[in-house]
Amino acid sequence: MLTTPVFVSLLVISGLGILLGGYYYYKPESIVKKRVKNSHWKAARKDAEFRKWLEAEINAQVTKTRRMGMIIIVVEAILMVLCFSLWQKG
């Protein structure tokens, strides 16, 4: 059913997806901090209340990003197993 080049390309895509999910799971702080504008960092240095809010929002986004990374890993692993089983069947 699946030819070898198609199988290899699907496995490579799934492997890259797992790597992306791993990056989102293990390094969510770096991803979230890239999204914060410089003006927000400057305002957080001046205003303590804004700093508390910004830190709470960053922590919430880190949690969501880590959860999304785990979902990506699981979905890509399932896709990889399905592709492998289809290749073995054919």
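Arginine 51 is found in helix H4, where helices (H or I, at least four residues) and strands (E, at least two) are DSSP runs numbered from the N terminus. This is a predicted model, in which local features need pLDDT of at least 70 and side-chain atom pairs count only at pLDDT 80 or more, while totals for chains, interfaces and linings use all residues. Residues are numbered from 1 along each chain as its sequence is written, and side-chain values use heavy atoms, with hydrogens and water left out.

**Arginine 51**

- With a relative accessible area of 34%, arginine 51 is partly exposed; buried means under 20%, exposed over 50%, and partly exposed in between (1.4 Å probe, protein chains only).
- Arginine 51 is in contact with Ala44 and Arg45, leaving aside its neighbours within four places in sequence; contact means heavy atoms within 4.5 Å.
- Along the chain, arginine 51 and glycine 90 are 39 residues apart, and their C-alpha atoms are separated by 58 Å.

**Overall form**

- The protein has 4 helices and 0 strands, and its pattern along the sequence reads α-α-α-α.
- The protein is more spread out than a compact globule, because its radius of gyration is 19 Å, well over the 12 Å that the globule rule gives for 90 residues.
- That radius is taken over C-alpha atoms, and the globule rule is 2.2 Å times the number of residues to the power 0.38.
- Taken along the principal axes, the C-alpha atoms fill a box of roughly 65 × 20 × 15 Å.
- Among contacts between residues at least 6 apart in sequence, 72% join residues at least 24 apart.

**Surface and charge**

- Of the 90 residues of the protein, 21% count as buried.
- The accessible surface comes to about 6600 Å², and 67% of it belongs to carbon and sulfur atoms; the areas come from the Shrake-Rupley method with a 1.4 Å probe, and for residues only the protein chains shown count as cover.
- There are 14 positive and 6 negative side chains, and the centres of the two sets lie 5 Å apart.
- Lys and Arg count as positive and Asp and Glu as negative, with His and the chain ends not counted; each charge is placed at NZ of Lys, CZ of Arg, CG of Asp or CD of Glu.

**Nonpolar core**

- Val32, Val36, Ala44, Leu54, Ile58 and Val62 form the largest nonpolar core, which has 6 residues.
- Helix H4 (residues 48–89) gives the most to this core, with 3 residues.
- A nonpolar core is a set of buried Ala, Val, Leu, Ile, Met, Phe, Trp, Tyr and Cys residues joined through side-chain atoms within 4.5 Å.

**Other residues of helix H4**

- Threonine 65 is found in helix H4 and counts as buried, at 2% relative accessibility.
- Not counting residues up to four places away in sequence, threonine 65 touches Tyr24, Pro28, Ile31, Val32 and Arg35.
- Glutamate 55 is also found in helix H4, and at 45% relative accessibility glutamate 55 counts as partly exposed.
- Glutamate 55 and alanine 44 are 11 residues apart in sequence and 9.2 Å apart in space, C-alpha to C-alpha.

**Glycine 22**

- Glycine 22 is found in helix H1 (residues 4–26) and counts as buried, at 14% relative accessibility.
- Leaving aside its neighbours within four places in sequence, glycine 22 is in contact with Lys27 and Ile73.
- The C-alpha atoms of glycine 22 and tryptophan 41 are separated by 27 Å, with the two residues 19 apart along the chain.
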